[in-house]
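Dear colleague,

Please find the structure below, together with its sequence. My notes on what was found in it follow.

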Amino acid sequence: MKRFLSVVLVLALASTVVFAAGNKKPLIGVSIWSSTDTLGSQCKRILDAAAKALDVNLMYIDQGHVSEKVTASAETLAAAGCDGMIICNSASAEMNAVINTCTKNKMYLAQFFRIIDKTANPNEYKLACQSPYFIGAVHESEVDNGMNLVRILCEKGCRKIALEGWNSGDATFLLRWQGYKKGIEAWNKANPKSKAVLLDPQYGGTTTDTGRATAEAIINANKDIDALIVAGGGGDTLIGALAAIDSMGLKGKIKVMSTDFLADLDQQLASGAMAGESGGHYADPLFAFMLVYNAVKGNYKKPAGSFYEIIFPYLYVASPADYEAYAKYFVDDLPYNASELVAMSKLSEPDLAKKSAALSIQDVMQRRK
Amino acid sequence: MPPGFWRPRIINASGSFQKLKASRAFGISALVALTLLFWAVFRLLSPTNFGSSRQMTDYLQTSIQYAVGGCGLYFIVVMGLFDFSIGANIVLSALVGVLLSRHYGYWGLVLGCLLCGTLIGAFNGLLYSRLRIPSMIVTVGLMLVLESVANFVVRLDRAGFPGKLSSGGMLAFSRAPWNYIAAGAAFLLMFFLLRFTRIGTYCNAIGSDELVAKNMGVDVERYKLIGFVLLHFFVGVMALLTVSYGRGMLAVTGMSSMDRNFKPLMGTFFGVAFKKYGCPVSAIVIGEFIIIMIFNGLVALNVPTTINDFVTGAVLLTIVTLTNRGAKGSVVK
């Protein structure tokens, strides 16, 4: 047994040495909820492509959106000698510790899928502005996204909409929820004779089985719902919710909308299991990566008393035809090839922001002509 | 009438009641009564949204996967051991099953889950008995190892949807009757092992006093190893049911798989609490059903998830305390 343990120990140390060897390229850390779930693996795919094109090493840490793991991930990446890191945090309060760690270790930092709310988290926002290493944030307009999803559902005739979140208190979920509520308010104001109602959220975690159990509980408790919004959670919560609806014989009767595209969205749309989805935003971390890469290279200077903000557009898909075009350029291929990624790395920050805003299916189609 | 004529009869009646109180029938009646109590409370509070026969079937389908895991955990928990790698094994076995199902269909799915689960159990047991350090420490280390292996396995899955079962096929175990058949077979196996083999008796003996059991001739190390193998065989069945139920499995790292340990464990607590009535299997199955029923009942009442967790925890503590509290002055391990 001692010999066996010695062999295991030697192998573990050897693998560390092998991975550490030749680590002279820039090293950028990625603190992500999961690099293997539906959305996370897509993010990893495009980040790996960018790292390959720009000759950068990446180090991933899956923190599961657990607050202490989020803050610990920055410490781990700093200890690993990262020159910069990008992070998708859970709650904005975590950013206090993360920014301090990055400042202390002179490690550049950018958020993806997130931005610190100036009003709700003024201390963290101030710290981000003051830190010379917090370079910027890339995020979607989650409130608008929420409003759009509710509007689409109401236009499809849904009047009682249930909501399944993933973790209570998650910053993105709270913004989307705000959007759903605003969407309902806007609809009811415009259609006082045909009002819609949004139920309070129940939380289904980020796994398929908990997603299914929660969706079943929601549907059993509210038999008259005609729509279910699965707010996100990386895609697995949605897979579970769809399994629940299918097993209860309600496919097509309850219209499902979500954010985070599934790999088989075309089949789900064709079968009526999904009414539509917003997503395609897996390239968001690419722009956070570009911010940090340019900061590490000395190309971008941190704006005094502020930071860069890039708004990334959502794509909306509501039919199999919509999805076919999306799949061609975003699933089977990446929206940027190696030469485009190298060209992107040379853009100024305002041009990078414009590049982000311009991303759409049509944009990729034109570039591929 | 001679003095004390009634006395023996009174003693007999009291003895009969004590005997009844310790019987399997009493234990099962108490479990059924608890189920009816919770059903009645939520049914009264939410008559239209809770507790119809269709809904009860849904609750049962959700609960059986956790009950299978709870049965497996019982083997080592009664011996005073614990295993933190259950969640990681569920993830890894499910992903191995999904990967093999791409090539070998249902055989790959079922055998992948069961064999992978059992092999991990044998490995855990061997490592525990050889290293001679507490099971918690061994299994925390193994949890991290298994999570990493699961991440490698998911990368081997070249399907468009890694780790997910395709919606067209491979879903027999996600619904009746196959999910009930798989779970029912596991419950029967557990019942058989506890009732008709020496494993159950020896596990209890080791849990009561390991040294005494050893002096009585019980091969403690061997039965601990058997306990780990059986636990992870049941975990393999749970992996099959869980991956089918959710139609996929997510590979996680950083001890995130640990969340999956606790729902089966709650059922095991019921089993341990009702062990004295000789009905641990029924207690685990009904216990998990009660927990899922409470969750659904609170959702029907539109109670937030955080309060839901609080209520579930409080109910579990209350039931286990009422049924399994030691006598005053007794040593609680």
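**Domains of chain A**

The centres of domain 1 of chain A and domain 2 of chain A, taken over C-alpha atoms, are separated by 27 Å. Domain 1 covers 24–140 + 282–328 + 335–367 and domain 2 covers 143–260, with bounds that come from an automatic or database domain assignment. To the contact between them, domain 1 of chain A gives 16 residues and domain 2 of chain A gives 13 residues; two residues are in contact if their C-beta atoms, placed from the backbone, lie within 7 Å. On the side of domain 1 of chain A that touches domain 2 of chain A, helix 2 (residues 38–54) of chain A gives the most, with 3 residues. That side of domain 1 of chain A divides into 7 nonpolar, 6 polar and 3 charged residues. Here Ala, Val, Leu, Ile, Met, Phe, Trp, Tyr, Cys and Pro count as nonpolar, Asp, Glu, Lys and Arg as charged, and the others, Gly among them, as polar.

Please note that this is a predicted model, in which local features need pLDDT of at least 70, side-chain atom pairs count only at pLDDT 80 or more, and totals for chains, interfaces and linings use all residues. Residues are numbered from 1 along each chain as its sequence is written, while chains are lettered from A and ligands numbered from 1 in the order in which they are written.

**Chain A as a whole**

Chain A has 15 helices and 13 strands; helices (H or I, at least four residues) and strands (E, at least two) are DSSP runs, numbered from the N terminus. The radius of gyration of chain A is 21 Å, close to the 21 Å that the globule rule gives for 369 residues, so chain A is as compact as a globular protein of that length. The radius of gyration is taken over C-alpha atoms, and the globule rule is 2.2 Å times the number of residues to the power 0.38. Taken along the principal axes, the C-alpha atoms of chain A fill a box of roughly 65 × 60 × 45 Å.

Of the 369 residues of chain A, 53% count as buried. A residue is buried if 20 or more other C-beta atoms lie within 10 Å of its own, exposed if 12 or fewer, and partly exposed in between, with C-beta atoms placed from the backbone. Among contacts in chain A with a separation of 6 or more, 79% are between residues 24 or more positions apart.

**Two local features of chain A**

Helix 2 of chain A also meets helix 13 (residues 338–345) of chain A: their axes come within 9 Å and cross at roughly 75°. Axes are lines fitted to C-alpha atoms, for helices over the stretch in contact, and angles run from 0 to 180 degrees between N-to-C directions. Helix 2 of chain A and helix 13 of chain A are therefore roughly perpendicular to each other, a term that applies to angles of 65 to 115 degrees. A49(A), A50(A), A53(A) and L54(A) in helix 2 of chain A meet A338(A), L341(A), V342(A) and S345(A) in helix 13 of chain A. The residues of this contact divide into 7 nonpolar, 1 polar and no charged.

G29(A) lies in strand 1 (residues 27–32) of chain A. G29(A) is buried, with 27 other C-beta atoms within 10 Å. Leaving aside its neighbours within four places in sequence, G29(A) is in contact with M59(A), I61(A), L77(A), A80(A), C82(A) and M85(A). G29(A) and M85(A) are 56 residues apart in sequence, yet 4.3 Å apart in space, C-alpha to C-alpha.

Chain B contains 12 helices and 0 strands. Its radius of gyration is 22 Å, close to the 20 Å that the globule rule gives for 333 residues, so chain B is as compact as a globular protein of that length. The C-alpha trace of chain B spans about 90 × 60 × 35 Å along its principal axes, and 49% of the 333 residues of chain B count as buried.

Between the chains, 33 residues of chain B are in contact with 33 residues of chain A. Helix 11 of chain B supplies the largest share of the side of chain B that touches chain A, 4 residues. The residues of that side of chain B divide into 11 nonpolar, 17 polar and 5 charged.

With kind regards

Notes. Angles under 35 degrees count as roughly parallel, over 145 as roughly antiparallel, 65 to 115 as roughly perpendicular and the rest as oblique.
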